Amino acid sequence: MPRSNIHGYAYILEFRTLDPWIAAIAATMPGPATASPDQEAAAYTRTVVAVDRSRVMPATVVIGAQWGDEGKGKITDVMAETADLVVRYQGGNNAGHTIVIGEERFALTLIPSGVLSPTVTPVIANGCVIDPVVLLDEMDTLAQRGVDPARVKISANAHLIMPYHKKLDAVMERFLGRQQIGTTKRGIGPAYMDKFSRHGIRVQDLFDPKIFRTKLETVLKDKNNLLTKVYNSLPMEAGPIAEQYLGLADRLYDHVADTSLLIWEALQRGEHVLFEGAQGTLLDIDHGTYPFVTSSSPTAGGVGPGAGVGPRAIDRVVGVAKAYISRVGSGPFPTELENEIGERMVEVGGEFGTVTGRRRRCGWLDGVALRYAVRVNGLSEIAFTKLDVLSDFENIKVATAYDSLGNRYTEFPRQQGVLYNCKPVYDELPGWEGDISAVRRFEDLPKEAQEYIRYVEDHAGVPITTVSVGPQRSATFNRSP
Ligand code: IMP
């Protein structure tokens, strides 16, 4: 029985008590406990005919539960083995995914991790911002390494990152001085600024040179005023930009699609769609540590506007969390360890950015922030990564609350100042000794590592269903708690 059929049947059984319309259909079906296999198959056939599948086919979202760099790329890549579509719905080439298959290391910034699975259609949806030069470079690199990028689809509605966005990203950061955000300087923020001020140029504009040039000339007047009069920089010329971008249009043409429709049709066919978030919950423009955030919505709710699907399409939200925590760039970080323990996490965990090579700041797992991620994303489960990095620590700590100015915060504080001046309240657990990177079953982990996992899921309130103990695709196992 194909995968999608199993989903369809299971959902009918679950919805029986919830939806009178489905209950009416389900009433004609034998219950799973009493039905013979033949009766189940017959009921299933009736169900497929009777039910509008868009009501019942679930999609999965994989998001970062921390400040990014949790290992989402690897988890998505593993999950992509059972997916038909893998969809990026926000961000751009500020995201770095490192995937290791055998001896090969793939560093992707824009193309969804699923591209490495030959049966997956990788989709860059409307909520993303696309630097076409980077996109084509990434496709060329994949092709050189034997991965066919022809399947990559990009939304006609996605906004383009233009050369002036990158320049503005750099000068705006410089202008902020000590208050700078520490962006990746890829033009992400300025591209989203233009999108929301309705001055953006979209992928579809590349295929109408007249419109493209008109929009570019209009917007560049404004940008040049900013560059020269505010940021004391040199102006840019429209001609060479138009030449370069319109010159890429032919190569992009076959990749452009109505990606919302593509996703809708896949869901209708009962295929499995995986939405891959970039960055992480605490970098979300609304729910993150503003202004030290990215300019889009990496949280699960971003999937709706970012990909053009309704909330009922999604039933599974996997939050990827490292066994400790890290962040790149500026901003508050209550559990940061500016000592030899943090240094060891950086060294053992290889905590240097995929995109910028910057050293990541590291610290103990922040349980307050993790519970916040469970809440704002509606996580159904957690994938717990880099557990191997914590081997050989005598003790392992998890922050359960923050103390600030005589108050104790067990929930993520609404006043951001608390994050700067608080002292984390830690629970301490015993560590374990020895390399665990070859372990492939929960039961084979040292008992202290098992305890740590149980502790974290108890604290978070959702199960840890996937554990990763090394960078390879194979160094991952599932568990049913
Ligand atoms: P931007 O997304 O380049 O505008 O950068 C805004 C903030 O998000 C900075 O602190 C970046 O370091 C951070 N950031 C952006 N993308 C990632 C990522 O993929 N991992 C971790 N941090 C990121």
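Which residues does N126 touch, not counting residues up to four places away in sequence? In this predicted model, the residues in contact with N126 are S155, N157, A158, H159, K195, T259, P305, G306, A307 and G308. N126 itself is found in the loop between β5 (121-124) and β6 (129-130). Its relative accessibility is 16%, and N126 therefore counts as buried, the cut-off being under 20%.

The protein chain as a whole contains 16 helices and 20 strands. Of its 481 residues, 54% count as buried. The chain exposes about 20,800 Å², of which carbon and sulfur atoms supply 52%. When contacts between residues at least 6 apart in sequence are considered, 74% join residues at least 24 apart.

The average pLDDT is 89, and 88% of the residues score at least 70. Over residues 1-35, however, the pLDDT is below 50, although this stretch has 54 contacts in the model beyond near neighbours in sequence. A pLDDT below 50 is also found over residues 40-56, a stretch with 37 contacts of that kind.

Two helix pairs illustrate the packing. The crossing of α6 past α7 is right-handed. On the α6 side, the contact is made by Y164, H165, L168, D169 and M172, which face I188, P190, A191, M193 and D194 of α7. By class, the residues of this contact comprise 7 nonpolar, 1 polar and 2 charged.

The second pair is formed by helix α8 (residues 209-230) and helix α9 (residues 238-246), which pack at an angle of about 140° with their axes 10 Å apart. Here too the crossing is right-handed. P209, F212, R213, L216, E217 and L220 of α8 meet A238, I241, A242, Y245 and L246 of α9. The contact of α8 with α9 has 9 nonpolar and 2 charged residues, and no polar ones.

Helix α14 (residues 367-377) shows another kind of setting. Because 8 of its 11 residues are buried, α14 is largely enclosed by the rest of the structure. The buried residues are G367, V368, A369, L370, Y372, A373, V374 and N377. Their cover includes the strands β1 (59-64), β11 (314-322), β14 (365-366), β15 and β16, together with helix α16 (447-460).

A cis peptide bond joins Y290 and P291, with omega about 5°. Most peptide bonds, by contrast, are trans. G288 has a relative accessibility of 12% and so counts as buried. Apart from residues up to four places away in sequence, G288 touches T281, L282, L283, V293 and Q416. The C-alpha atoms of G288 and T299 are 9.3 Å apart in space, and the two residues are 11 apart in sequence.

K386 has a positive phi, near 60°, and is placed in the loop between β15 (381-385) and β16 (395-404). With a relative accessible area of 22%, K386 is partly exposed. L405, likewise not a glycine, has a positive phi of about 45°. The loop that holds L405 lies between β16 and β17 (407-409). L405 is exposed, its relative accessible area being 77%.

Conventions
Residues are numbered from 1 along each chain as its sequence is written. This is a predicted model: local features need pLDDT of at least 70, side-chain atom pairs count only at pLDDT 80 or more; totals for chains, interfaces and linings use all residues. Side-chain values use heavy atoms; hydrogens and water are left out. pLDDT is the predictor's confidence in each residue, from 0 to 100. Contact means heavy atoms within 4.5 Å. Axes are lines fitted to C-alpha atoms, for helices over the stretch in contact, and angles run from 0 to 180 degrees between N-to-C directions. Helices (H or I, at least four residues) and strands (E, at least two) are DSSP runs, numbered from the N terminus. A crossing is left-handed if the near helix is turned anticlockwise from the far one by less than a right angle, and right-handed if clockwise. Ala, Val, Leu, Ile, Met, Phe, Trp, Tyr, Cys and Pro count as nonpolar, Asp, Glu, Lys and Arg as charged, and the others, Gly among them, as polar. Buried means under 20% relative accessible area, exposed over 50%, partly exposed in between (1.4 Å probe, protein chains only). Accessible areas come from the Shrake-Rupley method with a 1.4 Å probe; for residues, only the protein chains shown count as cover.
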